[in-house]
Amino acid sequence: LPPSMLIKAIADMGALSFSTKDQGLRFANAYAYCTLENTCDPAYSIGTFWVAWLVEYILYSILALYFENVLPDAMGVRKAPWYFVTASYWGVGSPNVIDKVE
């Protein structure tokens, strides 16, 4: 995650709760506090950063899950790169298991 987003979010929260008359930052005004009149670009409000962090978290989690299944582990077991499009992965079909007892 880019640290500049975190630094901007911390600076905004600090500026909004600097004095005793400031009310701080609430979820209800996560987008509204940032206006061009107070030299803050609305495209860079803390609400935008929260959405970006959530999207990055979901994306990185999906990538980690994919790579965990595709790359071989200590036992050398791995799945095919297209494992998530097979019917057996979603529980619709039956897996291809061959038992040979000799």
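S45 is buried, with a relative accessible area of 0%, where buried means under 20% relative accessible area, exposed over 50% and partly exposed in between, with a 1.4 Å probe and protein chains only. The model is a predicted one, in which local features need pLDDT of at least 70 and side-chain atom pairs count only at pLDDT 80 or more, while totals for chains, interfaces and linings use all residues. Residues are numbered from 1 along each chain as its sequence is written, and side-chain values use heavy atoms, with hydrogens and water left out.

S45 lies in the loop between α1 and α2; helices are DSSP runs (H or I, at least four residues), numbered from the N terminus. The table lists contacts (heavy atoms within 4.5 Å) for two residues, leaving aside neighbours within four places in sequence.

| Residue | Contacts |
|---|---|
| S45 | A30, Y31, Y33 and C34 |
| F49 | M5, K8, A9 and Y44 |

Helix α1 (residues 3-16) and helix α2 (residues 46-70) pack at an angle of about 145 degrees, their axes being 10 Å apart; axes are lines fitted to C-alpha atoms over the stretch in contact, and angles run from 0 to 180 degrees between N-to-C directions. On the α1 side the contact is made by M5, L6, K8, A9 and M13, and on the α2 side by I46, F49, A52, W53 and E56.

Key. Helix = DSSP H or I, 4+ residues; strand = E, 2+ residues; numbered from the N terminus.
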